Structure formats: structure tokens, C-alpha cells
Amino acid sequence: MTAVGARPPSTLHEAETLTDDALRDLLAYPENLTGPRLRANFIASIDGAVTLDGAGRKLGTPTDRRVFNRLREVADVIVVGATTAASKPYADLRLDTDAHTWRLAHGLPPALRLVVVSSRGVIPPHLFTATVPPIVLVSASATSSARRALDASGAVVCEMAEGQIGSAAIRQALDGLGLHRVLVEGGPTLFSHLIAGDEIDELCLTTSPMMVAGPARRIAATPEHVAIRMRRKDVLLGDDGTVIVRWIRR
């Protein structure tokens, strides 16, 4: 593809021609990060729906699921809101042997961490059975009963300022924890909050090869328009019709 001006060209890849390690290399975060880099990952239909019959997984394809796993494997941490954390897959973030080998060779910690952002401090109990306890960002205005439950759970608790947890404060907390390769998996409420605060550095957006119409939400919605200029970095095409584009800030 031809570069425009001084911008480096985006690259086009056929997903089926890439090994898992090649995908990890392609999706790896920049080296020598000095602070958190927030990469979001979402799927939407051609017409912009983020769910089908209320579930994002119904939009999924084999290509999307494969890339979804590789995105996790190159991150230090997954960040989700409390509602998204209620999904059972977050109780077990174990990685396979190949992913462990790649991570160790690239200086990543062997375990993938989970950060849950919850102003009220109400976290699904099943998360506390995970091998690696979750990190919870909780507002100082959370109830005492919620705080006691967190303290007894074994979770790593980071208390934030009272009220809604600010988007910049999330980045600062991640930096303080030394978590720089950040994968934001949602949901749309948390993603919208981070966009409104101008805190998203990358977006990996899967376009599922279907139109669904209906009442589904967009991947982000804010009270006022927020414009963050992005440029296309990489494009992955799947034989199943999936298109995945990695967008990065200009």
C-alpha cells in the first residue's frame, strides 16, 4: 500500500498465512514503553452494532476469536468495567505454553492480570477464585460493606478519589502498578469514559461480516462529540469475511 505524505504505510495481512507467533509479533506493543499504552479491542457488525440479541459473542468469527486470544497474550493486563467482569471468561486468564514461551522471550510477566474498574466496589465473587487475584480500582465513596468484602477477598485494591473514577486516574493507577501494555475490553460504558477523557491510544476493531440492524448500541457513546484522530496501522483479512483494523493515534 502507498504511504500518504510522511506517514508510514499500513500493512495488509491474510490472517490464515500468519502463525500464532507471527500474529503475536504483529500485535506486540512498542518496546521500551515509559507509561501505559491503552489499546481497546471491540467487534461490531458492518452497520455498527456491538451486539446481536444482546451478546457480542454472537458477532464473533473464527478469525476474530483467534486474534482476540493473541491480543490478550501480548498484554500485561486486561481492563474491564464491573458489568463486563461479570462474564465468566474473566475468572480464568490462563495462557497456553506457546503464549508463555513468547511472553518470556519478549520480557513480559508470565501471568496476565485483570483490572476491574468499579466505583461502587461491587465485584462478581467468582473472580476471587482466580489463580492471580484481580486488581480493583474502587472509589473512596464505595460503601464500607463493599470495601470489607474486597479486603477479605484477596484482591489488590487501589482506592481512587470519591465519585466516578476518572479516566486519567485509571491511567495513573496502571502506571503506578507498572502495567504498561494495557488491553481495554470494555464494556462500552468504560470505553466511552476513556474516549471522553482522551485516554485511548489504539483501537483494534473487528468488523463482523453481517448486518444486524435492531436496537444494539455502538461501541462508544458520549454526551458530546469527541474527536480523536487516528491512522490505520495494520489490516487483517480472514477467509471467513472478517476484517480487523488496528488504529493508532496520529
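A residue is called buried when its relative accessible area is under 20%, exposed when it is over 50%, and partly exposed in between, with a 1.4 Å probe and protein chains only. By this rule Arg94, at 68% relative accessibility, counts as exposed. The structure is a predicted model, in which local features need pLDDT of at least 70, side-chain atom pairs count only at pLDDT 80 or more, and totals for chains, interfaces and linings use all residues. Residues are numbered from 1 along each chain as its sequence is written, and side-chain values use heavy atoms, with hydrogens and water left out.

We can turn to the strands. Helices (H or I, at least four residues) and strands (E, at least two) are DSSP runs, numbered from the N terminus. Strand E3 covers residues 77–81, and five of its five residues are buried, so E3 is largely enclosed by the rest of the structure. Two strands pair if DSSP finds at least two bridges between them. E3 is joined by five bridges to strand E4 (residues 113–118), and the two run parallel. One of the contacts here is that of Val77, whose bridge partner in E4 is Arg113. E3 also runs parallel to strand E7 (residues 181–186), with four bridges joining the two. In that pairing, Val79 stands opposite Val184 of E7.

Next come the charged side chains. Side chains of opposite charge can pair when their charged atoms come close. A salt bridge is counted when a side-chain nitrogen of Lys or Arg is within 4 Å of a carboxyl oxygen of Asp or Glu, and this rule gives 17 salt bridges. In one of them, Asp20 pairs with Arg70, and the closest N and O atoms are 3.3 Å apart. Asp20 belongs to helix H1 (residues 20–27) and Arg70 to helix H2 (residues 62–73), so this pair ties together parts that are 50 residues apart in sequence.

Another salt bridge links Asp92 and Arg94, with the closest N and O atoms 2.6 Å apart. Asp92 is partly exposed, at 37% relative accessibility. Glu202 and Arg246 form a further salt bridge, their closest N and O atoms being 3.3 Å apart. Glu202 sits in strand E8 (residues 202–208) and Arg246 in strand E10 (residues 243–249), so the pair ties together parts that are 44 residues apart in sequence. Both Glu202 and Arg246 are buried. Through shared partners, salt bridges also join Asp20, Asp21, Arg24, Arg66, Arg70 and Glu73 into one network.

What about empty space? Rolling a probe the size of a water molecule over the atoms shows where empty space is left. On a 1 Å grid over the protein atoms alone, a pocket is an open set of points where a 1.4 Å probe fits, with protein on both sides within 12 Å along at least five of seven lines; lining residues have an atom within 4 Å of a point. The largest pocket has a volume of about 1200 Å³. It is lined by 36 residues, of which Thr84, Ser87, Tyr90, Glu185 and Gly187 are the closest to its centre. Two or more lining residues come from each of strand E2 (37–45), H2, helix H3 (82–85), E4 and helix H7 (188–196).

The second largest pocket has a volume of about 590 Å³. Among its 19 lining residues, the closest to the centre are Ile195, Arg218, Ile219, Ala220 and Val226. At least two lining residues come from each of E2, H7 and E8.

A disulfide is a pair of cysteine sulfur atoms within 2.5 Å, and the count of disulfides is zero. Cys158 is buried at 17% relative accessibility, and Cys204 is buried at 3%. Finally, helix H2 contains Pro62, which is exposed at 54% relative accessibility. The C-alpha atoms of Pro62 and Asp239 are separated by 9.4 Å, although the two residues are 177 apart along the chain.

Note on methods: Points joined across faces, edges and corners; volume = space filled by probe spheres on them.
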